[in-house]
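I set out the terms as I go.

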Amino acid sequence: MSEDIKLIVNGKRIDGRAFDELRNIRIEAGVLKNADGSCYLEMGRNKIMAAVYGPRKVQPRHLADPVKAIVRYRYNMAPFSVEERKRPGPDRRSVEISKVSREALESIIMTELFPRSSIDIFVEVLQADAGSRTACLNAASVALVDAGIPMRGIITSVAVAKVDGHIVLDPVKEEDNFGEADIPFAFFIRNGKIESIALLQMDGKLTKNELIEAVKLAKKGVMEIYKLQREAIMKKYIVEDVE
Amino acid sequence: MLVFPGDFLGYAEEFICDDGVYSEEGKLYASKAGRVKIKNKVIKVETINEIPKISKGDIVLGEVIDTKNNFALVEIVRKKGFNRELTTYKTAVLHISNISTMYLKDINEGIRYKDIIVCEVIDDDLKLSTKKDELGVIKAKCGICGGELLLKGDKLRCKECGNTEKRKISKNYGKGVW
């Protein structure tokens with residue numbers, strides 16, 4: 001950790017945001033022609049493309065579950081997504097992110113309606129700038145809604161970090177790299193209310209009170225993202241009405 | 001009314017759940033995004049991007065995966081009107097009496113192994129029929145050399161070896177539409 005970098009100056013963060021302010025988010029649903037559902041999401045400098053296929057036949061066939069659909073999630077970072085070229089292909093980090101993200105989404109997808117089939121979610125990080133797993137989850141859940149897959153609610157995700165002793169919402173790369181802690185959250189939202197936490201990871205150290213504060217901050221941020229996710233899907237229906 | 005997954009729609013006593021609605025602890029929620037339709041106390045959510053389900057009366061595209069003495073097994077690939085894969089492998093039965101309106105002495109006069117056929121589902125148990133004009137074989141291969149079969153009158157002739165074969169031919173044979 002370098003001491004010479006000041007991440008918080010005059011109560012403002014490195015990019016001029018307040019502690020509880022999100023980065024700019026742009027969500028567009030149904031961008032890919034051949035996918036059943038898709039979504040393009042920009043969250044600050046994160047650029048994410050998500051595609052959903054299915055429920056479809058399971059390939060290879062032996063993986064099929066006779067009582068429910070299987071969910072497969074692939075988080076992948078493009079070689080050009082970070083400053084120094086990333087070696088393409090799955091690595092330890094992306095395999096882990098894929099697993100935890102899949103488990104978060106599995107909890108809301110009504111897999112029992114589609115026995116012997118698979119729901120495949122592919123998320124590509126085109127440009128990364130901290131909190132890409134949370135941006136990916138947001139994109140993936142919009143893509144799932146776009147694909148018309150029955151879900152109990154929606155997953156909305158945001159990260160919280162501890163920077164220079166302050167708890168801040170939605171960190172950027174500098175805050176993530178030189179901050180004291182980083183906690184990605186994903187919430188299960190139903191009927192505009194937070195029902196439960198679907199994902200929680202942490203690196204770094206936090207006290208109990210700081211964690212409680214972090215959860216509060218994340219809940220606030222998540223509700224804003226939820227509204228944007230909802231708008232992105234509703235836009236498709238409003239366009240249809242005009243036609 | 002436009003809804004989003006998880007939106008509260010009512011109580012379990014008020015409506016009967018249909019597509020796109022689920023009930024939990026006596027409450028009804030939407031499971032898909034779309035428009036709410038209520039008819040005769042049945043509530044459902046209609047989406048743009050529907051997942052295909054096969055039921056009686058549907059027109060489907062399939063491939064013959066096996067022929068027996070008096071029936072053929074057809075793997076259904078697509079449902080008409082949907083540009084989306086089916087959820088699982090679905091194998092249906094096409095009985096010799098449902099292939100054509102005319103008498104067939106042998107099932108191979110109507111359809112053969114590996115033919116691409118368009119059928120109508122006549123039973124929820126996935127029984128098929130190809131009796132109508134627009135139904136039947138839309139693409140077939142020569143039984144001898146595997147070459148492409150072209151339409152010649154009411155028969156099919158192989159482009160490569162000149163062998164002629166009989167089928168229950170759809171009026172859309174070889175046009176690439178169904």
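I call a residue buried under 20% relative accessible area, exposed over 50% and partly exposed in between (1.4 Å probe, protein chains only). By that rule B:Phe4 is buried, with a relative accessible area of 0%. A:Tyr226 is buried as well, at 4%.

I noted the basis: this is a predicted model, where local features need pLDDT of at least 70, side-chain atom pairs count only at pLDDT 80 or more, and totals for chains, interfaces and linings use all residues. Residues are numbered from 1 along each chain as its sequence is written, chains are lettered from A and ligands numbered from 1 in the order in which they are written, and side-chain values use heavy atoms, with hydrogens and water left out.

I then looked up ring pairs: rings of Phe, Tyr and Trp (its six-membered ring) pair if their centres lie within 6.5 Å, and planes under 30 degrees apart count as stacked, over 60 as edge-to-face and the rest as tilted. The search of the whole structure returned six aromatic pairs over all chains. One of them joins A:Tyr226 and B:Phe4, edge-to-face, at 5.9 Å centre to centre with 70° between the planes.

I next checked B:Phe8 and B:Tyr11, whose ring centres are 5.2 Å apart with planes at 75°, so this pair is edge-to-face. B:Phe8 is partly exposed at 30%, and B:Tyr11 is partly exposed at 40%.

Finally I looked for charges over rings (NZ of Lys or CZ of Arg within 6 Å of the ring centre and within 35 degrees of the ring normal). The charged end of A:Arg190 sits over the ring of B:Tyr29, 4.3 Å from its centre. That of A:Arg61 sits over the ring of B:Tyr89, 3.6 Å from its centre.
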